[in-house]
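Biologist: I am new to this kind of description and would like to know what stands behind each word. Could we take the terms in turn?

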Amino acid sequence: MSLIKPWLNRKRLTGIQFRSKMILSFFLVIGLTALIMGYSYYRIMSRELKASMLEGLEKLTEQTVDTLELHFKTIGSIGYSYFSDTSVQQFLEGTPSFDNQKYYRNKLEGQKMQTPLISYIQMTRLGGEQFSSYYYYNSTLRSMMADDQKTLHEQARLLDGFPLWTVSITTAKNELKAIHTISYVQQMKRITSNSQYPVGYIQIAMDPDILEKAFLGLDNDEGSSYIVDREGTIIFTSTNDRIGKSIAGDPLFTAYRNNLTGSRYADFQFSKNDKKYIGFAHSLSYGGWTVVGSVPLDRILHKVNVFRNTLILIAVISFVFAMLLGSIIANGVTRPLKELNKKMKLVEMGDFQAYIHVKGADELSTIQHSFNKMTAEIRKLIMKVYETELLKKEAEIKALQSQINPHFLYNTLSTIDSLSSINGDMRVSHICLALGNMLRYNLNGGSFATIQEEINHLNQYLSIYQIRFSDQFHYEMKVDEQVEDVVIPKFLIQPLVENAIIHGLEQKLGYKSVQVAIRSLDEQRLEISVADNGTGMDPAAIEMLERRLTDPSKLAFRHSPSSAKTRIGLANVLKRIEMYYDLNPVISIESTVGEGTRIQFILPKQTGGGDKHEDHDR
């Protein structure tokens, strides 16, 4: 079934009309291009928009932190001015007069009026007497604030004069209702040149409305921002009921703790109630506190989603337009093809008078012109068919008559051998017998032979030359016994021996010799060499021959008219070695002018993929 389904798909595609294929191809090209470009642009813009939104969130958080730290610095400066004021120290230490008490109460009220950050400011003696910018007539509220101040004074005492930033109680501006805020609390000391000792406390409560305004840019409908301590306790938030409670188990605080980087600002992603959020955190320079908060991820990616939807709309419109345009173009292309297809079917039915009225000068019009020319040529050729068939049959008869059976050549050589034996000329008999054996070896089936069979063939070949040159020619065969049964390609050595005789020995006067040596180098390789004592070649001719054998296109071979034949013989040997043994053959040529030439090469004892005995006929 797995093989049938792809065949059915291909069958379905091949059955689609060309017009539909063009529209589909046009749609795929436009669609894939738009899809790839749109997706890439969407990914880039998404990253850019998200990075821009996160950068804006970071700046907004930094602005909130800077505002809070400016408020804390202002309150801290006011607190330190009272802490370092000697007259204030003396006022808290001694028993002040009524005028002094009235003066400092007015001073505290004036300080509150001059500084909108302050909800109230209060100084307390060690004995418990208070001087405040505001008096609470409500006994319940006054008792609640007294208990809170007692706790704060104890915490400040433990710090021994260092400022304490902590959560405290104050009242709303328009109603007598206790709400939480942040206070600056410090133990006041009488400082002299010889000693310092506690004389009271100062507390400056910040206006919670001012703190809430600092968080306006960070708060959103689905999440609030907080000032928290290291344990996750809320120091301040716009929701008053949550101040003092812990968010240590909240996913926001857990994600913040898991993404501590050492820098003052960090943003991170977390999930809460199956919804993803971007959290942010920025440390404060006061109290070891941190501003943390979160924004829904879909709010961050709102512009990205709008951009995505716009991109999808544009893509849909583009695809519809592309389909319409593709349909128009396809109609313009397929109309001439339909006409051509109609006329071609007439030709298939034998109507060679079919003709197309060509309109236009484009490529399709050229094809229609070619069709008209083709039908005209077919009409002309039909008139010559019978004559051509008669001539063809006559040529086939003559070709059959000219074929010669190879057995006729064997019989002819046998007849010459018999006649030479009758006349007593054994040389002719030997030549005929050797030539017959060579012809039989040549025509015998198979492309491979053993080294022993190849040597026997060379003996037949060289024996004829020995008769020609008489006592002036000598040849020698040296073959290791262990390689006689090794199979090699037929006629691999004869071209080299023939080159040695034709180009080395025939031009030499006097004694001539050829040596063929085949020896085993090791278990895998054997060496074949052919040497002669002929005219030899100079170094330039050897170099030119080697370069021509390596790449015949690099250099014109000018050594002699017969050198081309030498090159062909050697090139044939090299090509056959490369083909049969699947290796790059390396042949060595050594030659000295007037002394002779030696050509040798190395073969593996088996052909590529193993010995090829399948076509070796013994």
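**Burial, salt bridges and cores**

Biologist: Why does Arg 264 count as partly exposed?

Modeller: Arg 264 has 40% relative accessibility and therefore counts as partly exposed, since buried means under 20% relative accessible area, exposed means over 50%, and partly exposed lies in between, with a 1.4 Å probe and protein chains only. This is a predicted model, in which local features need pLDDT of at least 70 and side-chain atom pairs count only at pLDDT 80 or more, while totals for chains, interfaces and linings use all residues. Residues are numbered from 1 along each chain as its sequence is written, and side-chain values use heavy atoms, with hydrogens and water left out.

Biologist: What makes Glu 69 and Arg 264 a salt bridge?

Modeller: The closest N and O atoms of Glu 69 and Arg 264 are 2.9 Å apart, and a salt bridge asks for a side-chain nitrogen of Lys or Arg within 4 Å of a carboxyl oxygen of Asp or Glu, so the pair qualifies. Glu 69 lies in helix 2 and Arg 264 in the loop between helix 7 (251–258) and strand 8 (265–272), so the pair ties together parts that are 195 residues apart in sequence. Helices (H or I, at least four residues) and strands (E, at least two) are DSSP runs, numbered from the N terminus. Glu 69, with a relative accessible area of 14%, is buried.

Biologist: How many salt bridges does a search of the whole structure find?

Modeller: The search finds 11 salt bridges. Among them, Glu 129 and Arg 125 meet at 3.7 Å, N to O; Glu 129 is partly exposed at 33% relative accessibility, whereas Arg 125 is buried at 11%. Another joins Asp 522 and Arg 525, with the closest N and O atoms 3.1 Å apart; Asp 522 is partly exposed at 29%, and Arg 525 is partly exposed at 38%.

Biologist: Why does Asp 207 count as buried?

Modeller: Asp 207 has 4% relative accessibility, so Asp 207 counts as buried. Asp 207 lies in the loop between strand 5 (196–206) and helix 6 (208–214), and its side chain reaches the backbone nitrogen of Asp 209 at 3.0 Å. Leaving aside residues up to four places away in sequence, Asp 207 touches Pro 116, Leu 117, Ile 118, Ser 119, Lys 173 and Thr 181, where contact means heavy atoms within 4.5 Å.

Biologist: Which residues touch the most other members of the largest nonpolar core?

Modeller: In this core of 45 residues, they are Leu 68, Tyr 82, Met 123, Ile 182 and Ile 227. Helix 2 (residues 18–83) gives the most to this core, with 9 residues. A nonpolar core is a set of buried Ala, Val, Leu, Ile, Met, Phe, Trp, Tyr and Cys residues joined through side-chain atoms within 4.5 Å. Beyond four places away in sequence, Ile 182 touches residues including Phe 72, Trp 165, Ile 204, Ile 227 and Trp 289. Apart from this core lies another, of 44 residues, among them Leu 458, Leu 496, Val 497 and Tyr 581.

Biologist: Which residues are buried in helix 3?

Modeller: In helix 3 (residues 86–93), the buried residues are Val 88, Gln 89, Phe 91 and Leu 92. They cover an arc of only 160° around the axis, so they are on the same side of helix 3; the arc is that of the directions from the helix axis to the C-beta atoms.

How values were computed. A polar contact is a pair of N or O atoms within 3.5 Å; within protein, one must be able to donate a hydrogen and the other to accept it, and residues adjacent in sequence count only if both atoms are side-chain atoms.
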